[in-house]
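The sequence and structure come first.

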Amino acid sequence: MASSSSSMLQPASFGGYGRQTGIYGGLEGVEFAARCPPDVQKDTRIVAVCGIPDFKAAPQDDGWFFSDFFLFYQMLGSRPELPNQLWLSSCSPSDLIRKHERYLHGPANGMAGDRRVVMNEKMLPKGEMNAGFRVFEPKDLLERFLATLKSEIKEAARTKQPVLVLIFGHGEEKTSGIFIGCDEGGFLKLTRARLASVLQKEVQTTMILTSCYSGGWIMKPNLNKHFDVKPTFNHSFLTAAGSQNTSLSWSLSQTVGRQAGGSIFATCLLHSIITASDRTEGFYSGEKVYFEELNDKGQPTGDMEGNLIKVQENDEGEDISLSMVALTQQIIYECEARYGSLWEIHNFSFAAQDDLWAKAWGKRTGLPLLNYKEKWESLPEAPLMNNIYPPAGPLAGSIMSKSPGALHNIVKVKATRYMDLNPGPDNAGCNTDCHPRFYKLIEGTRLEFDELYRLNEILDYRQGQIGLAEIYCYALEIGVPEDRQVGQFDELEWEGFQIKEKHGRSTERSKVAIDLLERFYTIRGWVIQLDIFDSPRPQQGLDYSKPKAYLAARLAESPMPTQQIHKKLEDLLQYKLEDARRAARSPLGVAILNQPETKTMRGRLYKTVGKLKHKLRSLSPQKRSPRMEGGS
């Protein structure tokens, strides 16, 4: 029985993406060692930021981002090995606990010990400033985060220390940007260009991102037709989703508090580093060390139900650690063991700085070698709940309320109809902003006028995009059969079924599923990048993934050749743009453009562009010229 210390793994098989040109960033078919000499990391500088504003920070709303934020604080904070830590947000931990009592992490219906309290009154630090917490106004948070990170990177370059950056916030679909704070104009977005401007190539830096579409930070701009451009960042990344995928939180428990339990990715990452740390710690305590036995595919041979895996002893007595590629494998297997093929729907994505996948995981991630298991098990256990809200599903509700509040009645009807149309998982990042409030509304909770107005705007936007998806099906000549209507389409169920078929016993059905998924992912990427659907305005909530997934699935199932689909989508975009121009020239369009609010927005745009010293080009076709098209 050979020792697995010599086994080789392909990062691309476990969500890895390289820092070069080519498919999978140059990692297609490339192998790295799964084991390597350990490297104890103890001097990492840590900068963490949670971009969720106070009015969205309740545990039943977007507070699951704060659950992740506090989880990593509990794992890394107050460690003498890590004196340089800063935890930024626009919400004081004490204020959050005063309003919401506690934050939990882990599945509500998991096993004993899976769900624990990560912040409550007893766990609050005596001095928040001394503990590394920094609280800023929402409008200042993004800039203060960038300034702080720039300063920490500069100091790390001087002292030759690694930097660990943790970013918690919603993601934008097309750009993968992350929303950090907000002002009167809406949410403020961290872009790749802004982050790149404060990083330094010579500083070993790792980013942990739990946002939707976060894989775009490591794949773009390489994700073009020919894969002939290097990704923007040559740094290490651990991200919760692919460039086209949403990130999921744990489902809400059906209790009065309706507590969510952070992100599924953070749970898998935590238990993976617990496993990796435990295996490495044995070398420093003089204990016998064992290794997983791997099969010819590099997979552990053992119980994948969360129990201990069969291991074997290293007869050579060498000090061995999991490598970076083995850690990513461990994260995937952790998810598979607990939650089946869910990781493929998330599409967890990873990158290693300089593509050093064979180096020790602690060295590559900047996560120090600590007893994470002991720390996790020291946290108070939270009671498990048998009843959780399903990821999505129909809700029963009265169509018309007898309440005198007209707006309440109208929005309640819209919410009921929307939730009856398989709107997507409640715990998807793009839905945690609004689905919990739709539940409240349907169940009879009275909401303030401003909140009702905001929910109404979100519902109108989403229903409009759902209707647009079916209109596009007719325009693309694939129609909408009775059994393929958008209301019957469940994005998670459809993709999950194809993944199940892909791994099934039937070779023929597996091949069909693989081809169908490849077409689906390709087409969905085109739909997103071509802006076939409208992006939400600030008051309309976050990007909505279902209409794009529905259209991509219908096109993928059609007999139409893939390249013909791309051409038809480009034609559809041109028709949409021409239709918008016609609407802008109509009397109603002119009236809207002359509204004071519209003029104010245009004025802000010109003022912003003026500060950036860029010129605005006219969108009117008759005012364009070849010189203007070519550049400045």
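## Strand pairing and packing

Leu 238 of E13 is the bridge partner of Ile 208. The model is predicted. The table lists the two pairings.

| Strand pair | Bridges | Direction |
|---|---|---|
| E12 (residues 205–209) and E13 | Four bridges | parallel |
| E13 and E17 (residues 349–351) | Three bridges | antiparallel |

In a regular strand, side chains alternate between the two faces of the sheet. In E13 (residues 236–239), Ser 236 and Leu 238 point one way, while Phe 237 and Thr 239 point the other way. All four of these residues are buried.

Is Gly 16 buried or exposed? Its relative accessible area is 3%, under the 20% cut-off, so Gly 16 is buried. Gly 16 lies in the loop between strand E1 (8–9) and strand E2 (32–33). Leaving aside residues up to four places away in sequence, Gly 16 touches Pro 11, Tyr 24, Leu 27, Phe 350 and Trp 357. The C-alpha atoms of Gly 16 and Ala 352 are 8.1 Å apart, although 336 residues separate them along the chain.

The helix pair is H13 (residues 449–475) and H16 (residues 546–557), which pack at an angle of about 20° with axes 9 Å apart. H13 is therefore roughly parallel to H16, since angles under 35 degrees count as such. Their crossing is right-handed. H13 contributes Gln 465, Ile 466, Ala 469, Glu 470, Tyr 472 and Cys 473 to the contact, and H16 contributes Pro 547, Tyr 550, Leu 551 and Arg 554. By class, this contact has seven nonpolar, one polar and two charged residues.

Definitions and conventions:
Residues numbered from 1 in each chain as written. Predicted model: local features only at pLDDT ≥ 70, side-chain atom pairs only at ≥ 80, totals over all residues. Heavy atoms only, no water. Axes fitted to C-alpha atoms, helices over the stretch in contact; angles between N-to-C directions. Helix = DSSP H or I, 4+ residues; strand = E, 2+ residues; numbered from the N terminus. Parallel < 35°, antiparallel > 145°, perpendicular 65-115°, else oblique. Left-handed = near helix turned anticlockwise from the far one by under 90°. Contact = heavy atoms within 4.5 Å. Nonpolar A, V, L, I, M, F, W, Y, C, P; charged D, E, K, R; others polar. Buried < 20%, exposed > 50% of the residue type's maximum accessible area, 1.4 Å probe, protein only. Pairing = 2+ DSSP bridges.
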